[in-house]
Each structure stands twice: as C-alpha cells, then as structure tokens.
Amino acid sequence: MLSSSRRTWIILLTVFLCSMVPQKAKAIDPVTIAILAPIAIKAAKVMRPYIQKGLISGTRGLIQTGKDTLEILYLPWGVVQMTLGLPFGGLGPGLRNIGKGALAPFKVVADVLYLPIQFTGFVN
C-alpha cells in the first residue's frame, strides 16, 4: 500500500507529464464550411422539433428537481413544528414534514439521474 504523500506525488507527476504532451490544432478550411453550410441548415430544420421537445422535457425535469431540492427544507421545519408546536398539536404534522424532508435527498438524486434521459426527449 502506498503512503498518502507518495500517492500524491505520483498523481502530480502523472498530471504534469500528461500536460507536457503537445496538442495539435486542427482547422477547417473556410471553403469546406461554405460548402457544408446549406446542408447543415437543412439538417437543423429537420432536427428542430426533436430539439424543442427535448428542451421542453428537460426544462420540466429541471423544475421538478428544483421543487424536490426545496423539499429538503421540510426537515428543519418539521423539527421546529415538533418542538415549538408540541403544545399546540404540532407533533403529527412535524413528523410528516420530517419524513418528507428525509426522503427529499433521495428524490433529488433520482431526478438528477433521470435528467439526461429527459433532455433526450424520449419521455414527457
């Protein structure tokens, strides 16, 4: 087993050596761009409805992820309800809010994992 400092030095040396590899820039000829532009415009017109569908579906997914992220705030609110609202019957609603708040991180993880699929437009 490598020590922590030795592992760190190996990682830094690897990163340094990989950064020393020369990079080659590749350019496209302007004439090629002029020839391919009309084809690219036609392809963009064909793909437009699919791209719009994907963006709409992905935006819905982002909004749902934001809502589920805000549900994390139910956890401290439930604790406040249970402690300060106990004399006024706040135990039941406090427990429900703590349950919602405890489930919220799992919902956020599921939403984030599902988000790329929503951006493809396969689901609504």
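**Salt bridges and a buried glycine**

By the rule I am using, in which a salt bridge is a side-chain nitrogen of Lys or Arg within 4 Å of a carboxyl oxygen of Asp or Glu, the count comes to two salt bridges. Please keep in mind that this is a predicted model, where local features need pLDDT of at least 70 and side-chain atom pairs count only at pLDDT 80 or more, while totals for chains, interfaces and linings use all residues. Residues are numbered from 1 along each chain as its sequence is written, and side-chain values use heavy atoms, with hydrogens and water left out.

Let me take the pairs in turn. Lys107 forms a salt bridge with Asp68, and the closest N and O atoms are 3.9 Å apart. Lys107 lies in helix 4 (residues 91-120) and Asp68 in helix 2, so this pair ties together parts that are 39 residues apart in sequence; helices here are DSSP runs of H or I, at least four residues, numbered from the N terminus.

Asp68 is buried at 3% relative accessibility, whereas Lys107 is partly exposed at 34%, where buried means under 20% relative accessible area, exposed over 50%, and partly exposed in between, with a 1.4 Å probe and protein chains only.

Turning to Gly54, this residue sits in helix 2 (residues 30-70) and is buried, with a relative accessible area of 1%. Gly54 and Gly121 are 67 residues apart in sequence, yet 3.8 Å apart in space, C-alpha to C-alpha.

Technical notes:
Helices (H or I, at least four residues) and strands (E, at least two) are DSSP runs, numbered from the N terminus.
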